[in-house]
Amino acid sequence: MILIVDDAPENIISLKKVLEKNGFEVDTASSGEEALKKILKKSYVLIILDVQMPGMDGFEVAETISGYSRAKETAIIFLSAASANLNLITRGYSSGGLDYISKPVDMNILLLKVKTFYRIYEQSRALNEMQKTLREEIEFRKEAERKKDEFISIASHELKTPMTSIKGYIQLLERSLDKNDIETIRTRLHKVQNQVEKLNLLIADLLDISKIESGKLKFNKKYFCFDHLFGHITEIMQQSNPQIKIIKKGHDVGNVYGDEMRIEQVMVNFITNAIKYSPDTEEIHLSAMMQGDDVYFSVRDFGIGMSEEHQQKIFDKFYRIEETSERFQGLGIGLYICREIIERHQGTVGVHSKPGEGSEFYFTIPANPEGKNQ
Ligand code: ADP
């Protein structure tokens, strides 16, 4: 939009007419003071400013608006009988653009200048946009780099913890061996085994992440009995977590097409999280059933839960809820791997949760994807 500032109404009318005829949007002000008020409220690409006006003259207007952030990119064309004084105000006015036209105005020259300023304005806007996008991209890289560094440090710590325990138990084992204390040896061996299993799971997750990144996560899909898998997982999880009551609900599902081991991985991950993020609670509920053509599986806990904001993000890579990350150890990759596995089965994952009331994680996958015969 162009602002014409002139105290002579006949000048305004004729300039406005020509500019509007050439497709420009035009606003007008009949004094310097009125112009300043308008510039404070609206952004103009160009101001056509009469130098000689009663009250505030054109130079004073230009000097004042040079300090307005809104007018940072606004160009000014002075309508002046003389050009000598222009040097005075260019000091304070460094951005936008400045030019002048002698009176009486040659409309062709004015139009040419207006078009040039408009072109420059469009180009500088495009450049600014480009600069902004580039800056955002750089920030996004930087952010990815920071997350990766943070992940490496957490991962090393997570690997070191079971490793330190293993070292400790082995030293204790040596002592028990010297004493020939078979019972203690057996207990300590069992503890070493637990820690090795922890390490094993961590390394498997890390390997899965790198497979996902390189597009090498492979699936071995065939029909398997979902109910059998469900029963087996419930039994194993109950055995290894006797402190919690695992309640199994739902209906028979029958045969399902997919990679049984990978589906088991997702179910175990949901259950492990449900136990981990529900300290001081007594039970979790597992459920499976058919919903239309899909198998629906869910794990309900009564633990810490989470706000809506986090529910959108917890399936993202490396995402951990900051407020609770100190209290619970983890790498923030389990759910990301789960989502990848389920999506590679043409399914969906999700969570319903409320802070302090617990969470329900679920997935659905088509039991009989098209073209797969049992
Ligand atoms: P990890 O548990 O190793 O951090 P996950 O990818 O399994 O990684 O989970 C990502 C984040 O989601 C966790 O850090 C935790 O903040 C949150 N989360 C996962 N499961 C639950 C749950 N059952 N209840 C509350 N928060 C959970």
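Let's start on the outside of helix α1. The face turned away from its buried side carries exposed residues: P9, E10, I13, K17 and K21. Keep in mind that this is a predicted model.

Now the other side of α1. Which residues of α1 are buried? They are I12, L15 and L19. These three cover an arc of only 75 degrees around the axis, so they sit on the same side of α1.

What covers them? The cover includes four strands by name: β1 (2–5), β2 (26–29), β3 (46–50) and β4 (75–80). Helix α5 (107–179) is also included in that cover.

A quick check on the geometry of α1. The helix runs over residues 9–21, which is 13 residues. At 1.5 Å a residue, α1 should span 18 Å. The end C-alpha atoms of α1 are 18 Å apart, so expectation and model agree. After α1 comes G23, and the phi of G23 is positive, near 90 degrees.

Next, D50. UniProt, in an unreviewed entry, lists D50 as "modified residue: 4-aspartylphosphate". Where is D50 found? D50 is in strand β3. And β3 is one of the elements covering the buried residues of α1.

Is D50 buried or exposed? The relative accessible area of D50 is 2%. The cut-off for buried is under 20%, so D50 counts as buried.

Who touches D50? Leave aside residues up to four places away in sequence. The contacts of D50 are then V5, D6, D7, G58, L79 and K103.

On to the domain annotation. The unreviewed UniProt entry lists residues 154–369 as "domain: Histidine kinase". In the model, that span is 50% helix and 21% strand. The end C-alpha atoms of residues 154–369 lie 39 Å apart.

Last stop, the ligand. There are 20 residues around the ligand. Which of them come nearest? Those are N273, Y277, D301, R320 and L335.

First, D301: an N or O atom in the D301 side chain is 2.9 Å from a nitrogen atom of the ligand. Second, L331: here a backbone N or O atom lies 2.9 Å from a ligand oxygen atom. Third, L335: a backbone N or O atom of L335 lies 2.8 Å from an oxygen atom of the ligand.

Methods:
Residues numbered from 1 in each chain as written. Predicted model: local features only at pLDDT ≥ 70, side-chain atom pairs only at ≥ 80, totals over all residues. Heavy atoms only, no water. Helix = DSSP H or I, 4+ residues; strand = E, 2+ residues; numbered from the N terminus. Expected span 1.5 Å × (residues − 1). Buried < 20%, exposed > 50% of the residue type's maximum accessible area, 1.4 Å probe, protein only. Arc of directions from axis to C-beta. Contact = heavy atoms within 4.5 Å. UniProt positions renumbered as here; feature names shortened; annotations may be inferred. Near = heavy atom within 4 Å. Polar contact = N/O pair within 3.5 Å; in protein donor to acceptor, adjacent residues only side chain to side chain.
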